[in-house]
Amino acid sequence: MIYKTVNEKFDNFLINIKKYFCKDTNVILFKKRNTIKIIEFTNTKYVVKSFKIPHLLNKIVYKFFRESKAKRSYENSVKLLELGINTPKPIGYSEFSSLFFFKESFYVSEFFDYDFEIRALFKDKNFSDRENILKEFTKFSVNLHNKGVYHIDYSPGNILIKKVNGIYIFNIIDVNRMKFLDFDIDLRMKSMSKLTSNIDDNKLILKYYAEISNIDLSILEKKLEFHLKAQAKYLKNKKQFKKIKG
């Protein structure tokens, strides 16, 4: 196995991560791809993400040609914190493989006791302090883009919010699919296109985005409209494919 951690006090935890993971039953998310649990170690809560064992081809790809999702999660989290972008503090990752095949990987981060996801706000038009949160979230997004952070899955479930002393703190998660690059306007709006299809919310977000970034509102509107249509088409095709696949 291979592991890396921010502190040697977590060595035992990372080396024996499969044992800790199997023993603990506190599942907070289970999907076909991944399982996430909250696990206590030395009386402190940590979030452990177990990535699905890849199919045969990817077992070879991840063994020899590509970094694991766990390693990318760790390294991207470290990079984000260096840039001053909030994400749950990374603890480490563990990888397991045989001589020729990659098997599985685990990523460990600190537990972030958030109040709500941005998803809750998009679902509830009467959400408390809604417009102010949207404005602060837009400010967070502009800062993210200005610092060259492209979260490929910048979606409502991956943005966690906690109110501390009257200030909204935004954390991004699920960061294994991420790029660090220079943003043009097109990429800025592509990044925002997975958040919501609600016209009123997007108008408000674009209004704030234009004010904060000093980019012409009409340009932002055209770019976002294009990417919203592309996103809708992608989701439609994905749904049809699932029906055909059964």
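This is a predicted model: local features need pLDDT of at least 70, side-chain atom pairs count only at pLDDT 80 or more; totals for chains, interfaces and linings use all residues.
Residues are numbered from 1 along each chain as its sequence is written, and side-chain values use heavy atoms, with hydrogens and water left out.

Me: Are the helices H6 and H7 parallel, antiparallel, perpendicular or oblique to each other?
Reply: Helices (H or I, at least four residues) are DSSP runs, numbered from the N terminus. The axes of H6 (residues 130-146) and H7 (residues 185-192) come within 11 Å and cross at roughly 135°; axes are lines fitted to C-alpha atoms, for helices over the stretch in contact, and angles run from 0 to 180 degrees between N-to-C directions. Angles under 35 degrees count as roughly parallel, over 145 as roughly antiparallel, 65 to 115 as roughly perpendicular and the rest as oblique. H6 and H7 are therefore oblique.

Me: Which residues of H7 meet H6?
Reply: Contact means heavy atoms within 4.5 Å. On the H6 side, the residues are Phe137, Ser141, Val142, His145 and Asn146. Their partners in H7 are Arg188, Ser191 and Met192.

Me: What is the closest N to O distance between glutamate 136 and lysine 139?
Reply: Both residues lie in helix H6, three residues apart, about one turn of the helix. They form a salt bridge, that is, a side-chain nitrogen of Lys or Arg within 4 Å of a carboxyl oxygen of Asp or Glu. The closest N and O atoms of glutamate 136 and lysine 139 are apart by 3.5 Å.

Me: Is lysine 139 buried, partly exposed or exposed?
Reply: Buried means under 20% relative accessible area, exposed over 50%, and partly exposed in between (1.4 Å probe, protein chains only). Glutamate 136, with a relative accessible area of 25%, is partly exposed. At 40% relative accessibility, lysine 139 counts as partly exposed.

Me: Which helix holds both lysine 207 and glutamate 211?
Reply: The side chains of lysine 207 and glutamate 211 meet in a salt bridge, at 3.2 Å from N to O. Four residues, about one turn of the helix, separate them. Both lie in residues 199-213, helix H8.

Me: How many salt bridges does the structure hold?
Reply: One of them joins glutamate 67 and lysine 71 at 3.6 Å, N to O. Others link Lys125, Arg130 and Asp201 in a network. The number of salt bridges in the structure is 11.

Methods. Helices (H or I, at least four residues) and strands (E, at least two) are DSSP runs, numbered from the N terminus.
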